[in-house]
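Grab a pencil and open the structure viewer. Try each exercise on your own before you peek at the solution.

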Amino acid sequence: MELGISMFGDLHWDTGTGKFQPGRQRLQELLEEIKLMDEVGLDYFGIGEHHRPDYAVSSPEILLAAAASITKNIKLGSAVTILSSSDPVKVYQNFAMIDLLSGGRAEIMVGRGSFIESFPLFGYDLEDYDKLFTEKLELLLEVNRKETVTWEGELRASLKNQQVFPRAEKQLPIWVAVGGTIESVIRAARLGLPLMIAIIGGNPVQFKPFFELYEQEYRKNGHDRSGYRIGIHSHALFGENSKEIAEKYYPYYAGQMDRIGKSRGWMPYTKQQFEMGRSPGGAVFVGDAQEAIDKILYQQELFGLKRFVAHMDVGAPPHKEIMKSIEIFGTKIAPEVRKALKS
């Protein structure tokens, strides 16, 4: 099982000034964090795409290209690329360049997007939300397979014998990220694409039927078992002392959940919810190394995971806390998880 980290580039909210931290500062912090991930031997890093004032990254490809120049081994991907409001040809070209810069370490993770700001920003109609994704995923897969593309669509201009350059070193891995929509799970399985499920609340056991459905559809569609890959993305932050890191992190985490929740009609996030999430049966990985090891191994056994991704910057905890969390993940958690799985 691969062990990795994803981030959205959350900007720290300064209660004193009533402003978010400068984007330049957060981007420099992100590069330091990615460099450390590579140095401690983690397998994967993914960065999300957002178009809001509380996030620093609108173009994952630019950050990943910068990261390619300061890392050696870690896989670099999006988490996610909002494919519905992007051009699939350009997405492929950008990630092909990252692949060439990094020596074959680029990946794409596509999703429909739980935030919708990119749709009006780039001139897309939300009425076409699902149709846009379906059509553009089809084109992205075609471009990934073939240098010369002939393709017809309804919402994006058709292509006739168009060559797409540059080419990645090999076909790019393309993951599909879902938040628990059955149709999305079935689509990924029918296409034979790796599946990443975001489990950020409730009891993870409730997601087991999604993994079972994916495997059933994957087999039914005759895909090679060697390409079968499933993973989860869960909120996380690790510290030396469980209670201490939880107390430090809760205000940042709750603050971001409430900022997002205001636009979605959520009730204010509570300490009780946080502690339930941190419990052995919860979905939040905030605590010490042993708690994380136990929880990762439990969910690996529950789902048969091929990748676990700790999403580590919700609410923008201090850079030094994120760096410490990365260090613990790479030097204490990952070795024990790998050892347990090998035995």
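**Exercise 1.** In which hand does helix H10 pass helix H11, and how are the two oriented at their crossing?

*Solution.* Keep in mind that you're working with a predicted model.

- Step 1: Start with the hand. H10 passes H11 in a right-handed crossing.
- Step 2: Find the helices. H10 covers residues 289-303 and H11 covers residues 319-342.
- Step 3: Two packed helices are described by the angle between their axes and the distance between the axes. Here the angle is about 40°, and the axes are 10 Å apart.
- Step 4: Angles under 35 degrees would count as roughly parallel, and 65 to 115 as roughly perpendicular. H10 and H11 are therefore oblique to each other.

**Exercise 2.** Which residues of H10 and H11 meet, and how do they split by class?

*Solution.*

- Step 1: On the H10 side, pick out Ala 289, Ala 292, Ile 293, Ile 296, Leu 297 and Gln 300.
- Step 2: On the H11 side, they meet Ile 328, Phe 329, Lys 332, Ile 333, Glu 336, Val 337, Ala 340 and Leu 341.
- Step 3: Sort them by class, and the contact of H10 with H11 has eleven nonpolar, one polar and two charged residues.

**Exercise 3.** Now describe how helix H3 packs with helix H5.

*Solution.*

- Step 1: H3 spans residues 88-102, while H5 spans residues 129-145.
- Step 2: Their axes lie 8 Å apart, at an angle of about 40°. That's why H3 is oblique to H5.
- Step 3: The crossing of H3 past H5 is right-handed.
- Step 4: From H3, the contact uses Pro 88, Val 89, Val 91 and Tyr 92; from H5, it uses Lys 136, Leu 139, Leu 140, Val 143 and Asn 144.
- Step 5: By class, that contact of H3 with H5 has seven nonpolar, one polar and one charged residues.

**Exercise 4.** How many aromatic pairs are there, and what kind of pair do Tyr 55 and Phe 115 form?

*Solution.*

- Step 1: Counting rings whose centres lie within 6.5 Å gives 18 aromatic pairs.
- Step 2: For Tyr 55 and Phe 115, the centres are 6.0 Å apart and the planes make 70°. Planes over 60 degrees apart count as edge-to-face, so this pair is edge-to-face.
- Step 3: Look along the chain. Tyr 55 sits in the loop between strand E4 and helix H2, and Phe 115 in the loop between strand E7 and helix H4, 60 residues apart.

**Exercise 5.** Are Tyr 55 and Phe 115 buried or exposed?

*Solution.*

- Step 1: The cut-off for buried is under 20% relative accessible area.
- Step 2: Tyr 55 has 7%, so Tyr 55 counts as buried.
- Step 3: Phe 115 has 12%, so Phe 115 is buried too.

Key: Residues numbered from 1 in each chain as written. Predicted model: local features only at pLDDT ≥ 70, side-chain atom pairs only at ≥ 80, totals over all residues. Heavy atoms only, no water. Axes fitted to C-alpha atoms, helices over the stretch in contact; angles between N-to-C directions. Helix = DSSP H or I, 4+ residues; strand = E, 2+ residues; numbered from the N terminus. Parallel < 35°, antiparallel > 145°, perpendicular 65-115°, else oblique. Left-handed = near helix turned anticlockwise from the far one by under 90°. Contact = heavy atoms within 4.5 Å. Nonpolar A, V, L, I, M, F, W, Y, C, P; charged D, E, K, R; others polar. Phe/Tyr/Trp six-rings, centres within 6.5 Å; stacked < 30°, edge-to-face > 60°. Buried < 20%, exposed > 50% of the residue type's maximum accessible area, 1.4 Å probe, protein only.
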